[in-house]
Amino acid sequence: MKHDPSLGIKRPKGKEIRAWTDAELAAYERRWAIGTKQRTAYALMLNMGTARVDTHRLTWHQVDAAACYRRHKTGVEVDMAISEDLEKALAATPRKHVCVLVTEWGKPFTVDGFSGFMRDAIQAAGIGDLTCRPHGLRKTLGRLLADAGCSAHDIMAALGHKTLAEAERYTREADRKRGGKRAVVKLNEHRANKSPQTASTGLGKIVKNERKTTP
């Protein structure tokens with residue numbers, strides 16, 4: 001065809017990728033022990049918040065320089081520290097190439113190749129929900145940082161967001177959950193510690209004053 005019929009048509013916006021649940025994180029970690037390539041890839045995405053396009057080409061120089069990299073999507077520079085969990089995973093990963101993650105043939109992954117590698121690892125961990133996707137680990141880091149009490153500015157810096165509004169989504173959700181938990185704690189304290197200050201037997205009765213009359 002000489003004319004592209006899709007020209008000018010906007011691509012529909014897909015459903016937002018969700019964060020992993022605690023059960024999914026535990027299932028993946030049970031299946032893939034520290035020292036496996038699958039666990040290293042998982043640790044990078046979960047602790048650095050890298051997207052797949054950033055993860056597959058991370059170099060040892062970048063992680064040795066305290067997890068400094070530039071996001072491919074936005075060009076934002078991210079400068080963060082190596083967490084204890086990531087440090088353990090990297091220590092058990094052999095350094096065979098300038099890139100941290102390589103294929104079984106010792107070559108760097110392509111973006112699509114890395115995506116397929118992670119999808120296979122997720123399925124092998126017994127996670128059958130197709131909405132549990134590799135990019136969700138980046139969202140999980142945002143959730144964990146918010147649950148830990150990090151500010152929106154901290155999350156913005158750690159994930160390389162360009163606007164504060166993107167990071168505030170995590171803090172709003174964390175505040176909502178903490179608020180719900182605080183409400184139940186206060187309710188329990190109210191029920192356990194409060195005693196009625198007025199006797200119920202006297203409620204609803206009209207007090208009559210009797211006067212003695214003199215003859």
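## Where H8 meets H9

The axes of H8 and H9 cross at roughly 115 degrees and come within 8 Å of each other. Here an axis is a line fitted to C-alpha atoms, for helices over the stretch in contact, and angles run from 0 to 180 degrees between N-to-C directions. Helices are DSSP runs of H or I with at least four residues, strands are runs of E with at least two, and both are numbered from the N terminus. The H8 and H9 crossing is right-handed; a crossing gets that label if the near helix is turned clockwise from the far one by less than a right angle, and left-handed if anticlockwise.

Which residues do the touching? Ala152, His153, Ile155, Met156 and Leu159 in H8 meet Leu164, Ala167, Glu168, Tyr170 and Thr171 in H9, where contact means heavy atoms within 4.5 Å. Sorted by class, they come to seven nonpolar, two polar and one charged. For that sorting, Ala, Val, Leu, Ile, Met, Phe, Trp, Tyr, Cys and Pro count as nonpolar, Asp, Glu, Lys and Arg as charged, and the others, Gly among them, as polar.

## What you're looking at

This is a predicted model, so to speak of local features a pLDDT of at least 70 is needed, side-chain atom pairs count only at pLDDT 80 or more, and totals for chains, interfaces and linings use all residues. Residues are numbered from 1 along each chain as its sequence is written, and side-chain values use heavy atoms, with hydrogens and water left out.

The chain has nine helices and two strands. Follow the sequence and you get the pattern α-α-α-α-β-β-α-α-α-α-α. Of its 215 residues, 35% are buried, and buried means under 20% relative accessible area (exposed is over 50%, partly exposed is in between, with a 1.4 Å probe and protein chains only). Take the contacts between residues at least 6 apart in sequence: 60% of them join residues at least 24 apart.

## H7, the enclosed helix

How much of H7 is buried? Ten of its twelve residues are, so H7 is largely enclosed by the rest of the structure. Among the buried ones are Gly136, Leu137, Arg138 and Lys139. The buried residues of H7 pack against H1, H2, strand E1 (68–70), helix H6 (111–124), H8 and H9.

The length of H7 works out too: its end C-alpha atoms are 16 Å apart, in agreement with the 16 Å that twelve residues should span at 1.5 Å a residue. That expected span is 1.5 Å times one less than the number of residues. After H7 comes Gly149, with a positive phi near 95 degrees.

## H2 and its two partners

Two packed helices are described by the angle between their axes and the distance between the axes. H2 (residues 37–48) packs with H7 (residues 136–147) at an angle of about 45 degrees, their axes 7 Å apart. H2 and H7 are therefore oblique to each other. Angles under 35 degrees count as roughly parallel, over 145 as roughly antiparallel, 65 to 115 as roughly perpendicular, and the rest as oblique. The crossing of H2 past H7 is right-handed. On the H2 side, Tyr42, Met45, Leu46, Asn47 and Met48 meet Leu137, Arg138, Thr140, Leu141 and Leu144 of H7. That contact holds seven nonpolar, two polar and one charged residues.

Now for H2 and H5 (residues 84–91): the angle is about 155 degrees, with the axes 9 Å apart. H2 and H5 are therefore roughly antiparallel, and their crossing is left-handed. Thr40, Ala43, Leu44, Asn47 and Met48 in H2 meet Asp85, Leu86, Ala89 and Leu90 in H5. By class, the H2 and H5 contact has six nonpolar, two polar and one charged.

## H9, end to end

H9 (residues 164–193) has 30 residues and reaches 42 Å from its first C-alpha to its last, close to the expected 44 Å. Which residues of H9 are buried? They are Ala167, Tyr170, Thr171 and Ala174, and their cover includes H7 and H8 (152–159).

Glu24 sits in H1 (residues 22–31). Is Glu24 buried or exposed? Glu24 is buried, at a relative accessible area of 10%. Leaving aside neighbours within four places in sequence, Glu24 is in contact with Arg18, Ile127, Asp129 and Cys132.

Gly113, in H6, counts as partly exposed at 32% relative accessibility. Gly113 and Thr103 are ten residues apart in sequence, and their C-alpha atoms are 8.9 Å apart in space.
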